[in-house]
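Look over the sequence and the fold before reading on. The paragraphs below walk through salt bridges, a sheet and some backbone details.

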Amino acid sequence: MAKNLLIVESPAKAKTINKYLGKDFQVLASYGHVRDLKPKEGAVDTDHGFAMAYEVIERNEKHVDAIAKAARVADDIYLATDLDREGEAISWHISEILKERGLTDGKQLHRVVFSEITPKAIKAAVAQPRRLSHDLVDAQQARRALDYLVGFNLSPVLWRKVQRGLSAGRVQSPALRMIVEREEEIEAFVPREYWTVEAALRHPDGDFNARLTKLYGKKFEQFDLTNERDALAARDALKQAAAGRLTVSDIGSKERKRRPAPPFTTSTLQQEAARKLGFSTSRTMKIAQGLYEGVSIGSEGNVGLITYMRTDSTALSDDAVGELRQLIARDFGDKALPDGPQVYRTKSKNAQEAHEAIRPTSALRTPREVASFLNDDQRKLYELIWKRTVACQMIHATLNTVSVDFALANVAGKDAAFRATGTTVVDPGFLAVYEEGRDQKNAEDEDEGRRLPRLKVGEQVALNDILADQHFTEPPPRYSEASLVKALEEYGIGRPSTYASIIQVLLNREYVFLDSRRFRPTDVGRAVGKFLAQHFTQYVDYAFTARLEDELDAVSRGEEAWVPLMERFWQPFKQQVDEKTESVDRSEATGARELGSDPKTGKPVSVRLGRYGPYAQIGDKDTDEKLQFASLRPGQSMHTISLDEALELFKLPRKLGQAENGDEVSVGIGRFGPFVKQGGTYASLKAEDDPYTIELPRALQIVSEKLEMLANRVIKDFGNGVQVLNGRYGPYITDGEKNARIPKDQEPKELTEAQCLELLAAAPVKKGRGAAKKAAKKAAPAAKKTAVKKAAAPKKTAAKTATKKAAATKKTAAKKTPAKKAAAKKSAARSKA
């Protein structure tokens with residue numbers, strides 16, 4: 001039996017570490033968090049020092065029990081969860097559970113941390129354990145309590161004022177505000193026209209272009225030419241003055257050095273993987289987690305390929321730097337090595353939480369050597385990390401930028417000038433391995449790689465043409481995953497480990513969606529964002545959120561106590577929640593807009609946010625008995641829709657004509673989308689069909705297909721409610737309450753009733769209200785039958801039954817009373833929320 005128990009977070013990590021420590025250690029996984037706050041009001045007691053009521057997470061109960069069982073017989077317990085706040089908190093929760101179960105008496109609890117899963121790092125960590133850091137635990141508890149209090153108190157306000165089922169988060173709300181504000185900037189943007197002028201020059205060594213830099217005796221600015229007439233006049237004057245050639249007036253050459261980017265932090269890895277690989281933040285973190293925990297590398301077995309992937313630090317260990325320099329000298333030569341190691345300063349105020357940047361555990365393990373053991377995503381991400389890490393310890397790149405000026409005299413009585421620029425790489429340095437990506441290219445990027453012919457002052461170059469091009473200024477771009485992560489980091493909102501989950505929450509709640517890999521807010525997202533920005537301004541303020549993060553960091557460093565921090569936040573927050581719950585009007589909260597009047601009726605036309613999304617309304621609920629409603633079309637927004645576009649929506653339902661049998665055919669939009677109706681038959685329109693333009697023949701075809709599908713739906717009917725049907729995803733068996741899959745090796749037409757009943761018995765019960773109602777209906781007649789049978793029983797048996805029943809009733813009543821009380825408490829809590 002192993003004398004020592006070592007607990008990590010994931011089974012993959014446990015498998016890798018297990019082989020490093022030998023038979024004296026048993027390595028078990030907690031499978032992530034083991035406890036969380038009870039999911040009910042009052043789990044954080046704001047009246048008693050923010051005491052937190054935890055419970056074991058249901059899905060992890062069996063893993064906790066396995067840890068407890070092993071801890072009972074172990075001599076020493078090593079808590080080896082991740083090295084950040086989350087990991088520290090998990091270790092603390094495990095230690096608290098073991099203490100509560102009396103399993104730590106007379107035993108040593110050790111906390112061990114490591115940033116890479118290699119034999120050397122693991123053995124060193126176990127040899128030098130430390131105590132649990134209660135400062136880190138307090139910071140994590142404060143963070144969890146804040147998130148809980150914001151969610152439990154702010155979400156019900158959104159339910160009442162905007163839409164049921166919505167939620168607000170302490171960190172996700174400022175992130176949503178960013179996306180909403182950017183969308184409003186784009187909508188408010190008014191493009192400005194401007195013109196650029198370029199000379200197309202011809203040279204024996206290669207043609208090139210020069211851009212206008214001086215016009216009519218002064219520096220040429222972006223908005224000097226803002227219409228076609230002026231631009232063409234300037235072009236013609238320049239052409240006339242040039243008379244078919246430009247003269248070189250000056251040549252400048254400037255050598256500059258470009259330094260490599262620092263090794264990856266969590267944030268920069270997420271940004272670069274989004275730019276270069278097209279990975280989402282959550283995908284990047286999932287792949288990185290696998291590379292960190294261990295990948296099977298042939299005869300070596302499971303090996304952790306990268307260091308811990310949640311870090312603010314750009315530091316590298318001395319061993320890692322030594323190995324990188326060895327590799328660079330071997331593969332790129334001594335000239336690629338700087339005189340000493342490159343040192344990078346960490347910008348984060350709290351980077352001591354993690355020891356190192358993200359790097360390969362061994363730089364000598366090149367991407368080519370491990371490629372055959374990795375899947376495609378792992379290979380791409382490992383190569384990105386490896387290249388960035390190697391490049392960060394290489395010599396700078398040396399670039400040479402040449403600029404050539406061409407002078408023109410007497411353009412409308414004054415002088416003018418053009419300039420051509422090009423950049424060449426003198427010494428690639430680190431660029432031989434890696435170049436950092438950019439969200440937007442600048443003029444310098446455009447010049448790189450452009451070579452100019454060899455020219456000298458006074459030389460005349462043939463002019464092919466002078467081109468005037470029209471442009472319009474563009475609105476700021478929507479956030480991509482990379483630029484959003486960058487903005488969150490710059491504002492100090494959240495921490496690297498939370499960026500992926502912030503983005504995922506916004507997508508999952510349908511507050512935003514991705515359009516060409518850029519974030520756009522939905523109408524619900526805009527309503528939530530604007531409501532919070534207007535009524536809870538402080539709590540979605542970037543500076544306030546960042547300051548709170550800094551205070552949590554101070555708690556993690558032991559510089560501040562967590563309870564006073566909670567008190568400062570809670571009192572004004574709760575007061576504002578209570579006040580806004582009473583004072584805010586729902587129409588204002590949802591961003592309802594009045595667009596104008598309906599020309600037919602003179603009634604007001606407005607757009608609003610309802611239970612099933614945005615809709616248009618004709619009429620006023622206070623003065624009109626009957627209102628007209630119409631859902632907005634996909635792609636329409638209640639914030640940008642015009643009166644004419646809204647009135648178009650009321651053209652539905654449209655009558656298209658009659659079928660051959662005389663049935664009226666119409667088209668409309670219902671709760672489940674656009675449909676065509678023929679008599680009593682409804683059929684959904686296909687994605688390519690537009691309810692506003694569809695014609696009768698196509699509508700009849702859709703109904704015909706639906707009727708054909710219904711006709712062929714029943715494969716077999718046994719007459720007792722059991723049927724074999726053709727469904728959307730293929731044939732299946734049903735009895736109205738349960739659905740059962742048909743095994744692949746069985747032909748649906750050949751199934752017997754007995755086989756169907758057997759498959760139904762093994763099938764799971766259908767979830768949802770409808771299924772519950774059906775089950776209740778079926779149970780009711782059965783209960784009646786039982787009652788009749790009991791009544792018909794002999795008197796003697798009835799008497800015995802009565803005595804038994806009385807005793808059972810007493811017992812049941814005693815048992816049921818507390819349950820009823822609990823239920824009453826629960827519904828009271830709900831009504832408060």
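Is Asp-82 buried or exposed? Asp-82 counts as buried, because its relative accessibility is 5%. Buried means under 20% relative accessible area, exposed means over 50%, and partly exposed lies in between (1.4 Å probe, protein chains only). This is a predicted model: local features need pLDDT of at least 70, side-chain atom pairs count only at pLDDT 80 or more, and totals for chains, interfaces and linings use all residues. Residues are numbered from 1 along each chain as its sequence is written, and side-chain values use heavy atoms, with hydrogens and water left out.

Start with the partner of Asp-82. The side chain of Lys-13 meets that of Asp-82 in a salt bridge, at 2.5 Å from N to O. The two residues are 69 apart and link distant parts of the chain. Lys-13 sits in helix H1 (residues 11–21), whereas Asp-82 is in the loop between strand S7 (76–79) and helix H3 (85–100). Lys-13 is buried too, at 1% relative accessibility. A salt bridge here is a side-chain nitrogen of Lys or Arg within 4 Å of a carboxyl oxygen of Asp or Glu. By this rule the count is 52. Helices (H or I, at least four residues) and strands (E, at least two) are DSSP runs, numbered from the N terminus.

Helix H3 takes part in another such pair. Glu-88 and Arg-111 form a salt bridge, 3.0 Å from N to O. Arg-111 lies in strand S8 (residues 108–111) and Glu-88 in helix H3, so the pair ties together parts that are 23 residues apart in sequence. Both Arg-111 and Glu-88 are buried.

Now go to helix H12. Here Lys-387 bridges to Glu-383, with their closest N and O atoms 3.4 Å apart. Lys-387 and Glu-383 are separated by about one helical turn, because they are four residues apart in helix H12 (residues 376–392). Lys-387 is partly exposed at 28% relative accessible area. Glu-383 is partly exposed at 27%. Both belong to a network of salt bridges that also links Asp-376, Arg-379 and Lys-380.

Next comes a sheet. Four strands form an open sheet in the order S24-S25-S26-S27, with antiparallel pairing. Strands pair if DSSP finds at least two bridges between them. The edge strands, S24 (654–658) and S27 (681–684), each pair on one side only. From one strand to the next, the twist averages 25 degrees. Six bridges join S25 (residues 664–670) to S26 (residues 673–678). Val-667 stands opposite Val-676 in S26. Helix H21 packs on the sheet and touches S24, S25, S26 and S27 (contact means heavy atoms within 4.5 Å). Its direction makes about 105 degrees with that of S27. Axes are lines fitted to C-alpha atoms, for helices over the stretch in contact, and angles run from 0 to 180 degrees between N-to-C directions.

Pro-653 lies in the loop between helix H20 (643–648) and S24. A cis peptide bond joins Leu-652 to Pro-653, with omega about -5 degrees.

Tyr-216, in the loop between strands S10 (208–215) and S11 (218–219), has a positive phi near 50 degrees. Tyr-216 is partly exposed, at 33% relative accessibility. Glu-510 has a positive phi of about 60 degrees, although it is not a glycine. Glu-510 is exposed, with 56% relative accessible area.
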